[in-house]
Amino acid sequence: MKQAFIPAAAQLEFRDPTRVAALRQRLQALTADLDESITVMHVCGSHEQAIARFGLRSLFPPNLHVIMGPGCPVCVTDMPEVDEAVYLAQQGVTVVTFGDMFRVPGTVKSLAEAKAEGADVRIIYSPWEVVQIAHKQEGEVVFFATGFETTAVATAALVLAGPPKNLSILSSHKYIPPIMEIVAEMPHTEIQGFLAAGHAATITGWKIFERFVARHGIPVVIAGFEPLDILSALVQLVEIIRRGEQRVANAYPRCVEPEGNRNAQRALWKVFEPFSGVWRGIAYVPNGNLRLRPQYAWVDARERFDIRVSELLAGASPRLTQECICGNIMAGIATPRDCNLYGKECTPETPVGACMVSSEGTCKIWYEYGGHVVS
Amino acid sequence: MSDINQPWTCPVPSLRHKTVLLGHGSGGKLMHQLIDTVFRPLLLPAELPVLNDAATLEIGDSRVAITTDAFVVSPLVFPGGDIGQLAVNGTINDLAVSGARPLCLSAAFILEEGLPMDALWSLVASMRQTAEAAGVPIVTGDTKVVNRGSADQLFITTTGLGVVDYAGVLSVDAAQPGDVVILNGAIAAHGVAVLLAREDMEFAHPVLSDTAALHTLVAEMLDASPHIRCMRDATRGGLASALNEIAESSHVGITLYEERIPIQDEVRGACEILGLDPLHVANEGKLVAVVARDDAEKVLARMREHPLGRDAAIIGEVSEDARHLVLLRTEIGGLRVVGMLSGEQLPRIC
């Protein structure tokens with residue numbers, strides 16, 4: 001398949017060092033006279049990736065705290081969901097998933113370990129590869145589908161296109177807006193503003209956040225993923241906070257429209273329905289999960305297979321640790337530095353929590369890009 | 001209702017690796033752990049201070065270097081090269097960056113029952129051609145065949161023998177504050193080429209592997225300066241892992257400047273799309289050298305006269321740093337740490 005090639009020049013426009021320096025100065029001017037610091041949260045692993053990869057945090061004023069919320073879909077996929085995928089893989093079913101899911105620890109083992117023991121687990125970049133894999137073999141293929149509404153749309157399109165008979169979906173898709181409500185309502189929250197993820201907003205539109213702002217009085221700015229996108233969104237957010245306004249601003253207008261992508265929304269809600277469930281390490285999130293609607297039961301792995309996770313757990317002795325504070329980190333009330341395990345027992349080689357596994361997990365990003373040293 | 005007043009803990013089992021994982025072959029941290037916990041204590045002499053790409057032995061009046069490398073790349077043929085070229089060039093490069101002049105190679109083949117004879121013929125012919133072009137003959141070998149399914153088509157192991165004529169001593173622990181870091185050309189092409197071939201993705205301009213034998217380039221460099229401290233070929237784990245090994249072994253810090261690190265537009269674009277950090281992506285014809293600052297321009301000028309060093313650049317400098325960090329001044333002026341690759345990025349890349 002031919003992939004469109006993004007010309008580097010288009011990206012470089014949004015990485016212009018001179019404009020970066022100007023926005024940095026503006027941010028410093030906006031925060032220089034403040035007695036107290038400002039804390040804002042983004043809810044997207046891609047934002048943290050960009051902040052870390054470009055070394056943006058080293059450019060933020062010291063009294064502007066930009067923290068990462070529960071924006072890593074891999075990290076919030078609950079352990080019993082991983083267990084379901086591991087169980088199926090051990091039954092001889094081909095389990096296909098995104099690379100980051102591969103090493104996330106389940107109660108007894110990860111998919112990577114199941115593979116090392118002989119199970120057929122494959123890593124894909126795009127849901128369409130799942131269809132190719134299913135076409136190439138007779139045996140059952142299960143797509144362990146994780147990700148927020150951005151990825152769920154692609155899964156929905158796959159379902160609507162009429163997948164091969166031997167393919168079914170194990171949905172662990174999650175929906176972002178409900179978790180923002182929870183974070184905003186947390187008793188000790190210091191969040192004064194949110195950066196919303198530009199790609200998710202491309203689908204949902206930015207107006208969806210108006211209700212949130214009205215309810216909680218916390219402003220939201222939609223941000224893209226290039227350094228200038230993030231810096232200009234932060235400038236807007238700090239300006240709005242300083243003026244005491246409660247509104248939504250769109251700092252990613254080249255992609256995000258008020259109503260979003262209606263076709264994508266239609267596909268999403270035709271195939272999926274929200275239901276309530278646990279996000280790993282965080283909380284029970286009302287309407288935070290996405291499951292296949294009953295009319296798509298024929299492609300639902302949970303309907304097709306008798307998934308007896310208890311068999312997987314029988315005889316195994318999971319050594320649970322209560323020291324991992326992934327939950328607090330994802331809720332923005334702690335940083336990896338506050339964790340006793342971070343960088344010692346918990347490293348990307350020997351992850352204790354999911355946040356240390358995924359390339360969108362706060363702990364992994366801090367570890368790889370030195371959030372622990374340069375921040 | 002959400003139980004948001006409870007302390008949030010993330011209940012997960014603490015893991016130890018009971019079996020070998022793909023990541024143990026990544027060239028990153030997991031592989032170093034495997035070497036440090038299994039191979040080094042069991043197989044290597046305790047007094048061996050650091051692990052270089054080749055071992056150097058005193059035999060009579062000569063200093064002899066020996067190295068070995070196994071090749072399991074999939075697919076066997078990829079844009080810009082094949083497993084035969086890698087097997088010759090990779091081992092020559094391990095000798096070269098150790099300061100040795102390669103003399104000869106041996107080759108061992110593990111063949112899977114059912115491998116088409118035509119494919120074997122063309123890959124071995126490619127090895128021969130590569131070895132002839134490099135002027136390093138293959139002088140002995142071994143062949144084993146295993147049952148269908150016990151190996152994937154073809155694995156090759158090559159061992160290389162060389163002599164060290166260099167007056168100085170190249171060692172991964174010899175970098176000093178004030179030295180500079182030189183790279184011979186654009187990074188990350190090999191890893192991206194293999195990945196795109198494997199995933200059946202194509203760009204308008206194809207990305208070709210950079211596989212090349214670096215020994216003649218290294219000979220020029222060593223001739224230009226007796227003050228080259230160490231060299232590494234930046235294979236699995238990429239530039240980041242090679243430089244972290246140097247920083248850690250030499251007890252120094254290294255600062256890189258992103259805009260000085262050469263990378264082709266196609267490779268950069270592919271890395272963006274695939275979410276790869278080019279600093280972690282494998283190369284098969286790239287070396288980094290730490291050189292005394294006063295000799296840097298001299299070395300650089302000689303490198304640029306060589307076809308494999310035309311894009312050579314000074315990409316960073318060595319400093320005192322008790323934390324032994326590799327830092328990157330990013331293209332937008334930010335600062336971040338460049339870690340060693342962790343976990344598996346692309347299994348069977350070479």
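The crossing of H2(A) and H12(A) is left-handed, a term for a near helix turned anticlockwise from the far one by less than a right angle, with clockwise giving right-handed. This is a predicted model, in which local features need pLDDT of at least 70 and side-chain atom pairs count only at pLDDT 80 or more, while totals for chains, interfaces and linings use all residues. Residues are numbered from 1 along each chain as its sequence is written, chains are lettered from A and ligands numbered from 1 in the order in which they are written, and side-chain values use heavy atoms, with hydrogens and water left out.

**Helices of chain A**

- The axes of helix H2 (residues 17-32) of chain A and H12(A) come within 10 Å and cross at roughly 20°. That makes H2(A) roughly parallel to H12(A); angles under 35 degrees count as roughly parallel, over 145 as roughly antiparallel, 65 to 115 as roughly perpendicular and the rest as oblique.
- Axes are lines fitted to C-alpha atoms, for helices over the stretch in contact, and angles run from 0 to 180 degrees between N-to-C directions.
- Helices (H or I, at least four residues) and strands (E, at least two) are DSSP runs, numbered from the N terminus.
- Helix H9 (residues 176-185) of chain A is mostly covered, with nine of its 10 residues buried. Buried means under 20% relative accessible area, exposed over 50%, and partly exposed in between (1.4 Å probe, protein chains only).
- The buried residues of H9(A) include Ile176(A), Pro177(A), Met180(A), Glu181(A) and Ala184(A).

**Salt bridges**

- Over all chains, the count comes to 38 salt bridges. A salt bridge is a side-chain nitrogen of Lys or Arg within 4 Å of a carboxyl oxygen of Asp or Glu.
- In chain A, a salt bridge joins the side chains of Arg304(A) and Glu140(A) (2.9 Å, N to O). This pair links distant parts of the chain, 164 residues apart: Arg304(A) is in helix H14 (residues 301-304) of chain A, and Glu140(A) is in the loop between helix H7 (127-136) and strand S5 (141-147) of chain A.
- Arg304(A) counts as partly exposed at 29% relative accessibility, and Glu140(A) is partly exposed with a relative accessible area of 29%.
- Another salt bridge pairs Arg254(A) with Asp229(A), where the closest N and O atoms are 2.8 Å apart. Arg254(A) lies in the loop between strand S9 (248-250) and helix H13 (262-271) of chain A and Asp229(A) in helix H12 (residues 227-243) of chain A, so the pair ties together parts 25 residues apart in sequence.
- Asp229(A) is buried, with a relative accessible area of 4%, whereas Arg254(A) is partly exposed, at 43%.
- In chain B, Arg232(B) forms a salt bridge with Glu245(B), with 2.7 Å between the closest N and O atoms. Arg232(B) is in strand S10 (residues 228-233) of chain B and Glu245(B) in helix H6 (residues 238-250) of chain B, 13 residues apart.
- Arg232(B) is buried, with a relative accessible area of 6%, and Glu245(B) is buried, with a relative accessible area of 16%.
- Salt bridges that share partners join Arg15(A), Arg53(A), Glu226(A), Arg268(B), Glu272(B) and Glu331(B) into one network.

**Aromatic rings**

- The count comes to six aromatic pairs over all chains. Rings of Phe, Tyr and Trp (its six-membered ring) pair if their centres lie within 6.5 Å; planes under 30 degrees apart count as stacked, over 60 as edge-to-face and the rest as tilted.
- The rings of Phe98(A) and Phe143(A) have centres 5.8 Å apart and planes at 75°, so this pair is edge-to-face. Phe98(A) is in strand S3 (residues 94-98) of chain A and Phe143(A) in strand S5 of chain A, 45 residues apart. Both Phe98(A) and Phe143(A) are buried.
- Phe194(A) and Phe212(A) form an edge-to-face aromatic pair, 5.5 Å centre to centre with 75° between the planes. Phe194(A) lies in strand S7 (residues 193-197) of chain A and Phe212(A) in helix H11 (residues 208-216) of chain A, so the pair ties together parts 18 residues apart in sequence.
- Phe194(A) is buried, with a relative accessible area of 0%, and Phe212(A) is buried, with a relative accessible area of 4%.

**Charges over rings**

- Arg254(A) lies over the face of Phe14(A), at 3.7 Å from the ring centre. A charge sits over a ring if NZ of Lys or CZ of Arg is within 6 Å of the ring centre and within 35 degrees of the ring normal.
- In chain B, the charged end of Arg260(B) sits over the ring of Tyr257(B), 4.5 Å from its centre.
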